[in-house]
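Keep the structure open and find each spot as you go.

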Amino acid sequence: MDLLEIRNLHAEVGGNEILKGIDLTVHPGEVHSIMGPNGSGKSTLAQVLARRESYQVTAGEILFDGKDLLSMKPEEAACEGMFMAFQYPIEIPGIGNAHFLRSALNAMRKYRGLDELDAIDFLPLFREKLKLLDMDERFMNRSLNEGFSGGEKKRNEILQMAILEPKLAILDETDSGLDIDALRIVAQGVNAMRSPNRAMIVVTHYQRLLNYIIPDFVHVLVDGRIVRSGGAELALELEEKGYGWIETEARQTAPASA
Amino acid sequence: MGSSINTIRDLTEQDYKWGFVTAIEDERIPRGLNEEIIRLISAKKREPEFMLEWRLRAYRYWASLEKAQAEPKWANVHYSPIDYQNIIYYSAPKQKPGLKSLDELDPEIRRTYEKLGIPLAEQQRLAGVAVDAVFDSVSVATTFKDKLAELGIIFCSFSEAVEKYPELVKKYLGTVVPHTDNFFAALNAAVFSDGSFAYIPKGVRCPMELSTYFRINAAETGQFERTLIVADEGSYVSYLEGCTAPIRDENQLHAAVVELVALDNAQIKYSTVQNWYPGDKQGRGGIYNFVTKRGKCAGVNSKISWTQVETGSAITWKYPGCILQGDNSVGEFYSVALTNNYQQADTGTKMIHMGKNTRSTIVSKGISAGHGQNSYRGMVKILKGAVGARNYTQCDSLLIGDQCGAHTFPYIEVKNASAHMEHEASTSKIGEDQLFYLQQRGLKLEDAVSMIVNGFCKQVFRELPMEFAVEAQKLLGVSLEGSVG
Ligand SMILES: Nc1ncnc2c1ncn2[C@@H]1O[C@H](COP(=O)(O)OP(=O)(O)OP(=O)(O)O)[C@@H](O)[C@H]1O
Ligand SMILES: [Mg+2]
């Protein structure tokens with residue numbers, strides 16, 4: 001069965017239509033990469049999938065693991081296995097990173113009818129994942145993202161993904177802000193999580209991430225539409241030629257009403 | 001903040017769960033206030049002459065203020081005039097005189113405290129916490145008295161202290177908060193009916209938390225209790241205070257006074273979780289919580305630390321402060337004040353630096369939701385002799401929704417140029433982006449709000465004794481439920 005099925009999705013923010021008819025199907029085990037110029041709607045698509053309410057869907061439908069995603073609240077979507085690594089992770093003062101993650105994991109376990117983990121059961125899991133991402137133990141008790149460097153925040157997002165083990169993970173420009181070594185470590189962490197039951201949507205501007213995380217499909221989003229899809233080689237082509245040629249092509253084929 | 005906040009409003013609205021009334025016969029005196037009433041209260045308590053004289057002096061002072069302008073008008077709170085002749089100043093549950101053991105306590109009262117989570121019976125007492133239970137105007141039970149007595153610690157009701165330790169009472173009563181301090185302090189001195197008294201002897205570290213649980217039960221009454229804690233040289237005590245009241249449409253007045261005295265090298269830690277009935281969602285009813293709390297660091301190297309979590313009451317008006325008289329003495333004030341619906345709080349502290357190298361720390365966290373109004377009012381005074389005094393003040397406000405208000409009124413007076421003062425302030429709103437982030441990780445909206453608020457209060461919560469901190473966090477969650485809009 002399809003894990004994600006997006007049909008003719010239109011969405012607006014602050015009264016402006018940003019997504020203008022997206023169709024996308026993702027099967028378990030696949031990695032899709034979404035590329036496209038600034039402002040084309042990549043993050044908007046991610047936020048809609050995560051059910052942010054200020055992003056209004058005006059047409060279309062989305063099935064997530066066979067269920068109607070658009071009727072879910074953000075926390076329901078999350079508990080159903082939807083994860084988004086934020087392009088700009090939020091700081092929340094006074095909340096310990098470990099405490100927060102255990103609360104999140106337990107909220108999901110509860111939703112799925114599993115027992116909650118106490119601090120003692122949680123600790124080894126947390127330590128193991130810290131190690132996977134080569135993160136210092138002091139990230140356990142520091143306040144959630146508060147004062148984290150840009151790269152540390154991104155790494156912390158992937159740590160959360162590793163602990164929450166989603167069915168679908170959307171990584172929104174996780175590579176931006178990472179130094180060369182961090183990029184490799186984070187990519188290794190992501191690769192370690194690839195599995196036949198899990199799919200990923202990787203939003204990025206750069207080939208360098210896709211050198212590590214090799215996608216099965218690459219889609220190019222321009223002005224709210226997927227204007228071209230292909231294999232991993234499409235990213236290489238974009239790296240070489242930029243978006244101009246695709247944009248020109250897209251304008252020629254787009255419906256006049258847009 | 002759009003639709004995510006509306007969902008908060010839709011969440012099951014949890015009522016104030018401490019709002020029940022205990023059906024019990026009480027003994028009350030006639031309504032109103034005059035010298036006769038004062039004499040009656042004093043007689044009921046079989047007080048020595050010095051106490052009656054003290055009360056009458058306070059009453060006359062209060063009556064003169066009442067004529068002039070009644071309550072002080074500077075606080076940023078609004079309410080209709082209080083009719084002091086329409087209040088019953090003394091109400092006590094009828095019980096057999098001379099209880100030999102706590103287990104003889106009226107079962108209704110015992111059940112009340114059990115329901116509130118404060119078991120008084122020998123077998124089920126809270127481990128490590130001695131409780132003085134005050135029910136309306138009188139103290140009905142004090143646990144662990146004998147065990148404390150072995151160490152020379154006195155912990156009993158104020159009435160019992162007047163009877164058994166009149167010298168101690170005489171020596172310290174009114175020395176920190178004189179009856180002339182303010183309108184409500186005068187009223188309290190005139191009519192106070194009971195409260196707790198603790199004395200920690202020289203060099204003794206009190207091995208358990210001392211606590212008082214105040215419960216208002218009777219209607220149309222006011223509660224006026226008085227607490228006096230004296231920590232003798234080199235001693236240490238941690239004291240907790242909690243309170244609740246039934247749900248009623250009328251407002252009820254609670255005007256307490258707390259006096260703390262710390263002698264040389266002594267330490268007092270005073271924690272409050274204030275959860276009086278806050279009124280309903282439209283702002284009807286609730287307690288007027290007008291209290292005066294002050295500690296005197298009388299001795300060198302002494303320390304007094306106030307921690308308060310104020311979630312209840314229709315109106316809160318209180319400024320627990322420290323007089324830093326002894327050289328090197330330390331005063332601290334950690335506060336969380338939450339106002340939801342139509343609650344109003346005007347709270348803060350007063351730090352008066354007199355001795356050399358005295359230090360004070362103020363951390364105030366105000367949370368406003370609904371139509372709540374929250375004011376921080378703090379005074380830091382460095383007197384001439386306070387060479388090398390230091391103060392650090394941090395004052396943060398968190399707004400939830402856009403119909404509430406946060407206000408800050410700092411007063412600073414420095415008469416010694418060597419003083420070192422630091423002041424930080426911030427105001428923030430819970431952002432839709434923070435809530436969404438937490439929801440994206442699977443947390444329900446109300447848990448997300450609660451988590452952000454708890455994070456905001458962390459600096460204060462970590463000052464509370466462990467089991468209180470957990471309570472306080474839960475209370476904050478409940479107080480915010482169904483509220484954000
Ligand atoms: N809250 C908002 N109000 C108004 N416009 C918005 C809002 N959020 C996004 N937009 C607009 O929607 C468009 C798409 O933004 P989006 O963040 O989805 O782009 P993106 O493809 O992720 O870009 P980038 O590569 O720069 O991250 C932009 O023009 C942006 O300004
Ligand atoms: Mg983006």
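**Notes on the model**

1. In H3(A), the residues A:Asn97, A:Phe100, A:Leu101, A:Ala104, A:Leu105 and A:Met108 meet A:Asn156, A:Leu159, A:Gln160, A:Ile163 and A:Leu164 of H5(A). Sorted by class, this contact has eight nonpolar residues, three polar ones and no charged ones. H3 covers residues 97-111 of chain A and H5 covers residues 150-164 of chain A. Their axes come within 10 Å and cross at roughly 35 degrees, and the crossing of H3(A) past H5(A) is right-handed. Bear in mind throughout that this is a predicted model.

2. A:Gln87, at 15%, is buried.

3. Now look at where the chains meet. On the chain A side, 34 residues are in contact with 21 residues of chain B. Between them the two chains bury about 2,200 Å², and 62% of that is on carbon and sulfur atoms. Have a look at A:Arg52, A:Glu75 and A:Ile90: they supply 24% of the area that chain A buries against chain B, more than any other three residues.

4. A:Ala77 is worth a click. You'll find A:Ala77 in helix H2 (residues 74-79) of chain A, and with 0% relative accessibility it counts as buried. What does A:Ala77 contact, leaving aside neighbours within four places in sequence? The list is A:Arg51, A:Phe64, A:Leu69, A:Met72 and A:Met82. For a sense of distance, pick A:Glu152 as well: A:Ala77 and A:Glu152 are 75 residues apart in sequence and 26 Å apart in space, C-alpha to C-alpha.

5. A:Arg51 is not a glycine, yet it has a positive phi of about 70 degrees. A:Arg51 belongs to the loop between H1 and strand E4 (55-64) of chain A, and it is buried, with a relative accessible area of 11%. Chain B has a positive phi to look at too: B:Asn341, again not a glycine, has a phi of about 50 degrees. B:Asn341 lies in the loop between strand E17 (330-339) and strand E18 (344-353) of chain B. With a relative accessible area of 18%, B:Asn341 is buried.

6. Step back to chain B as a whole. Chain B holds 11 helices and 23 strands. Of its 485 residues, 63% are buried. Take the contacts in chain B between residues at least 6 apart in sequence: 83% of them join residues at least 24 apart.

7. B:Ile400 is in the loop between strand E21 (390-399) and strand E22 (405-414), and its relative accessible area of 1% makes it buried. B:Ile400 and B:Gly431 are 31 residues apart along the chain, with their C-alpha atoms separated by 8.7 Å. B:Leu168 is in helix H7 (residues 166-172) and, not counting residues up to four places away in sequence, touches B:Ile154, B:Phe197 and B:Tyr199.

8. Last stop: B:Lys381, in strand E20 (residues 373-382) of chain B. Is B:Lys381 buried or partly exposed? At 24% relative accessibility, B:Lys381 counts as partly exposed. Beyond residues up to four places away in sequence, B:Lys381 touches B:Met351, B:Ile352, B:His353 and B:Glu413. B:Pro30 is 351 residues from B:Lys381 in sequence, and the C-alpha to C-alpha distance between them is 43 Å.

Technical notes:
Residues numbered from 1 in each chain as written. Chains lettered and ligands numbered in written order. Predicted model: local features only at pLDDT ≥ 70, side-chain atom pairs only at ≥ 80, totals over all residues. Heavy atoms only, no water. Axes fitted to C-alpha atoms, helices over the stretch in contact; angles between N-to-C directions. Helix = DSSP H or I, 4+ residues; strand = E, 2+ residues; numbered from the N terminus. Left-handed = near helix turned anticlockwise from the far one by under 90°. Contact = heavy atoms within 4.5 Å. Nonpolar A, V, L, I, M, F, W, Y, C, P; charged D, E, K, R; others polar. Buried < 20%, exposed > 50% of the residue type's maximum accessible area, 1.4 Å probe, protein only. Buried area = accessible area lost by both parts, 1.4 Å probe.
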